[in-house]
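Colleague: I'm new to reading models like this one. Could you walk me through some features, one at a time?

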Amino acid sequence: MRYLLLLRGINVGGHNKVVMKELKSSLMETGFTNVISYINSGNLIFESDQVQAGVTQKIERILKKNYAFSMTMLVISADEYQQDFAQVPEWWGADPSLRHNALFMLPSFDPKALQHLKQQITDYDQIEVKPNVIFWTSTFKKDFSKSVYAKLMKESFYKDVTIRNKNTALKLLQLLQS
């Protein structure tokens, strides 16, 4: 089975430093195969014969053993990722003048937060929710302060998502398919 590991909040502003080459080695030493990393923001693709829950527990042990800070993570199967991205809304990524992101819901994500979020959406944002990801498009420069996305860090669910921009999300899709 092929999996994607998404880490949240690492290598940002020199904090929570994780050397991807070292993490990749740790995963391989623990028995994961065909491990590849993509950019330095916590994206690793690998294979394992274990079920997703077992993979998640194994990675949690690796992270706890090797890092002094706690890390929030999501393990998603290639099939789940591909299913979500097979249903990308037409507007997501269509206009290059807008900001297009994929917000991956971590295990701690509370679905009730979606109701609150949907009530706030204005003409400056578009969202569509899939089982594992929220596709989000917002203004980029013009009127950005009027978008809900501009205030995202203040939302209670912000700590329960890990965000990838459109280019990264699509590159991960391509890597999972190859």
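Colleague: Where is isoleucine 39 found?

Modeller: Isoleucine 39 sits in the loop between E2 and E3. Those labels are strands (E, at least two residues), and helices (H or I, at least four) are named likewise; both are DSSP runs, numbered from the N terminus. Keep in mind that this is a predicted model: local features need pLDDT of at least 70, side-chain atom pairs count only at pLDDT 80 or more, and totals for chains, interfaces and linings use all residues. Residues are numbered from 1 along each chain as its sequence is written, and side-chain values use heavy atoms, with hydrogens and water left out.

Colleague: What is the phi of isoleucine 39?

Modeller: In general, most residues other than glycine have a negative phi. Isoleucine 39 has a positive one, near 45°. Asparagine 34 also has a positive phi, about 50°, although it is not a glycine, and asparagine 34 lies in strand E2.

Colleague: Is isoleucine 39 buried, partly exposed or exposed?

Modeller: Buried means under 20% relative accessible area, exposed over 50%, and partly exposed in between (1.4 Å probe, protein chains only). Isoleucine 39 has 43% relative accessibility, so it counts as partly exposed.

Colleague: In what order do the four strands of the open sheet come?

Modeller: Strands of a sheet pair through backbone hydrogen bonds, either parallel or antiparallel. Here the order is E2-E3-E1-E4, with antiparallel pairing; two strands pair if DSSP finds at least two bridges between them. Strands E2 (33–37) and E4 (72–77) are at the edges with a single partner strand each, so one side of each has no neighbour in the sheet. Strand E1 (residues 2–8) and E4 pair over six bridges, and leucine 7 stands opposite methionine 73 in E4.

Colleague: Which residues of H2 are buried?

Modeller: An α-helix has 3.6 residues a turn, so residues three or four places apart point the same way. In helix H2 (residues 52–66), the buried ones are Val55, Lys58, Ile59, Ile62 and Leu63. They cover an arc of only 135° around the axis, which puts them on the same side of H2; that arc is taken from the directions from the helix axis to the C-beta atoms. The face turned away from this buried side carries the exposed residues Arg61, Lys64 and Lys65.

Colleague: What do the buried residues of H2 pack against?

Modeller: They pack against E1, helix H1 (20–29), E3 and E4, where contact means heavy atoms within 4.5 Å.

Technical notes. The expected span of a helix is 1.5 Å times one less than its number of residues.
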